[in-house]
2 protein chains.
Amino acid sequence: MQSFESLSQQFAERFSVDHFPATPPTLYDPNRYFLQLGGKRVRPVLCLMGNELFDDINPDSWEVATAIELFHNFTLIHDDIMDAAPLRRGMPTVHEKFGASTALLAGDVMLVAAYESLNRTSGRYVHFVNNLFNKTAREVCEGQQLDMDFEKQSSVSFEAYLQMINLKTSVLLAASLRMGALLGGAGERNQNLLYEFGRKLGLAFQVQDDYLDAFGDPEKFGKQVGGDIKANKKTFLLIHALEAATGGAASELRQLLDNDAPDKVARVTDIYRACGVDAWARELKETYYNQALGHLDDVAVLSARKAPLKELAAFLVQRDY
Amino acid sequence: MQSFESLSQQFAERFSVDHFPATPPTLYDPNRYFLQLGGKRVRPVLCLMGNELFDDINPDSWEVATAIELFHNFTLIHDDIMDAAPLRRGMPTVHEKFGASTALLAGDVMLVAAYESLNRTSGRYVHFVNNLFNKTAREVCEGQQLDMDFEKQSSVSFEAYLQMINLKTSVLLAASLRMGALLGGAGERNQNLLYEFGRKLGLAFQVQDDYLDAFGDPEKFGKQVGGDIKANKKTFLLIHALEAATGGAASELRQLLDNDAPDKVARVTDIYRACGVDAWARELKETYYNQALGHLDDVAVLSARKAPLKELAAFLVQRDY
């Protein structure tokens with residue numbers, strides 16, 4: 001059983017190989033640029049941990065983990081185009097640096113490279129792994145489309161937002177764990193439990209992400225606090241506030257969404273506090289987190305083997321940055 | 001042995017199923033819209049014919065043919081974004097009708113759907129088929145990038161243009177044939193011969209395409225004659241003319257490329273004729289076409305089985321519309 005740090009380091013080392021040919025450099029240099037921006041590599045490590053929960057790491061798991069990380073980076077390159085995001089990890093995004101057409105194509109070929117890694121696995125699980133990978137890829141696209149749809153809607157229900165986050169964020173964490181579990185020889189029941197663990201962990205993670213945007217410590221939080229509020233981004237907090245706020249608070253919140261007041265962030269967070277959205281979000285996160293841990297508890301392996309996954313889950317959900 | 005018409009009709013019927021779920025319609029309606037615009041379905045039929053050259057159609061070939069056609073449509077949706085093309089088959093392109101972000105995502109999910117079809121094949125050939133599919137997908141992206149790179153260059157060599165066309169157009173025709181041959185039980189030598197047949201056929205096809213743009217009969221040619229000339233698009237003809245023209249013709253051609261004269265199309269085609277570019281292109285097409293047929297001749301099956309492929313090849317290269 002290896003820790004997140006140890007697996008993350010090993011994965012980063014293997015992942016640092018060049019995934020692309022030399023030519024044409026106009027296509028592949030943007031891919032190399034983007035991958036060297038780094039990242040926590042949480043998803044591939046979840047795959048490796050899902051495997052190690054049941055058995056020593058299957059060589060195929062490294063290939064699947066690589067496929068997952070390449071897929072994740074494909075979604076980031078394309079999402080950045082759609083969001084017209086200028087920066088990613090503090091550096092210019094691919095479309096910003098190389099143009100939108102090249103970013104589009106670099107993302108496409110990154111997705112193909114993910115499938116190339118997937119196809120490097122040995123025969124035994126290839127159909128099942130491909131099946132889950134494809135289903136997940138499709139769902140992540142659906143989640144991104146719903147996210148864009150929501151930007152144009154004045155109100156979004158909690159259930160609809162939850163479903164969007166489930167697709168856009170949770171299913172990839174869940175599938176990473178399940179593919180690892182499968183390659184580690186887990187039976188279907190244990191695979192399903194790990195999938196649900198990942199799904200709920202993803203929801204808790206997103207609640208925490210939304211929470212930190214409004215209530216994070218500016219000294220610790222990497223991004224600008226209040227960025228979601230400034231952009232009127234639908235978040236767990238805003239959606240709940242729109243449902244929970246009444247009377248003057250409700251109309252003030254609506255007004256703040258329609259007009260960009262200079263003190264918008266402070267006033268929206270004040271409304272959040274007045275409506276108890278902060279406490280509600282902390283509780284919601286705990287609920288999903290505890291549901292996640294419950295699924296992990298039910299997995300039929302010695303609890304000592306679960307320690308690294310528990311540690312990673314706690315880190316993802318309790319981080320304050 | 002079935003004719004192109006018969007196989008094309010059968011494929012069209014099978015392909016007319018809905019490849020996408022109902023929700024979210026904001027993502028999948030654009031995909032459905034694009035697929036119902038139709039097309040000749042040449043690539044999937046090449047796969048089926050590659051199979052039937054050796055044996056009755058393997059059920060897997062229908063899935064691979066579907067994957068190929070979905071892949072081809074993915075490239076069209078994304079190419080149209082990159083080219084800012086307003087129309088495709090006389091109808092609004094996906095980005096024109098649904099916006100660039102949705103078109104990007106619709107293309108992504110079309111590619112995932114292609115891999116889903118591919119993964120529906122039975123186990124025996126899955127690694128090999130995936131390998132060739134991935135390699136080809138990567139090369140098509142490289143070809144598109146080179147095409148965009150060339151737009152920014154004042155001159156492109158014949159060899160560089162040939163390599164771009166090979167990647168952007170030929171390898172998918174070649175791989176379609178080879179995957180079908182593999183599924184039909186062909187040995188490696190015959191697979192390679194069919195691949196080369198497809199590659200050369202693709203080059204002949206592109207020469208014909210470039211030729212018709214300048215010298216096609218406006219009554220028969222579907223597109224506007226001279227479209228490539230107006231857009232200064234690099235074509236076999238322009239590249240050869242820039243190499244072959246001397247003296248006054250060379251400087252006039254350079255001038256016409258720099259300025260949009262109202263009679264540009266007529267004057268450029270006059271220069272093409274004066275430099276013998278029309279005869280050169282007809283000869284180049286014949287050369288590639290004959291090389292293609294030579295590879296097909298070498299395939300070790302009864303020549304009667306080759307009749308439908310020969311017929312399709314002649315149609316693709318000799319069409320005047």
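**Exercise 1.** Is the crossing of H8(B) and H9(B) right-handed or left-handed? Describe how these helices pack.

*Solution.* Keep in mind that this is a predicted model.
- In chain B, the axes of H8 (residues 158–183) and H9 (residues 188–215) come within 7 Å, crossing at roughly 145°.
- The handedness of the H8(B)/H9(B) crossing is right-handed.
- Now look at who meets whom: H8(B) brings residues including B:Ile165, B:Leu173 and B:Leu177, while H9(B) brings, among them, B:Leu194, B:Phe197 and B:Leu201.
- Sorted by class, that contact holds 12 nonpolar, nine polar and two charged residues.

**Exercise 2.** Which residues have the most contacts inside the largest nonpolar core?

*Solution.* 
- The largest nonpolar core counts 190 residues, and A:Ala114 and B:Ala114 have the most contacts inside it.
- In chain A, domain 1 (1–186) and domain 2 (187–321) each give this core at least three residues.
- Leaving out residues up to four places away in sequence, B:Ala114 touches B:Ala67, B:Leu70, B:Phe71 and B:Phe74.

**Exercise 3.** Which helix gives the most to the side of domain 1 of chain A that touches domain 2 of chain A?

*Solution.* 
- The C-alpha centres of domain 1 and domain 2 of chain A are separated by 22 Å.
- Their contact takes 27 residues from domain 1 of chain A and 27 residues from domain 2 of chain A.
- On the domain 1 side, H3 (42–52) and H8 (158–183) of chain A each supply at least two residues.
- H8(A) gives the most, with 14 residues.
- By class, that side of domain 1 has 18 nonpolar, eight polar and one charged residues.

Note on methods: Residues numbered from 1 in each chain as written. Chains lettered and ligands numbered in written order. Predicted model: local features only at pLDDT ≥ 70, side-chain atom pairs only at ≥ 80, totals over all residues. Axes fitted to C-alpha atoms, helices over the stretch in contact; angles between N-to-C directions. Helix = DSSP H or I, 4+ residues; strand = E, 2+ residues; numbered from the N terminus. Left-handed = near helix turned anticlockwise from the far one by under 90°. Contact = placed C-beta atoms within 7 Å. Nonpolar A, V, L, I, M, F, W, Y, C, P; charged D, E, K, R; others polar. Core = buried A, V, L, I, M, F, W, Y, C linked by C-beta atoms within 7 Å. Buried ≥ 20, exposed ≤ 12 C-beta atoms within 10 Å, placed from the backbone. Domains from an automatic or database assignment.
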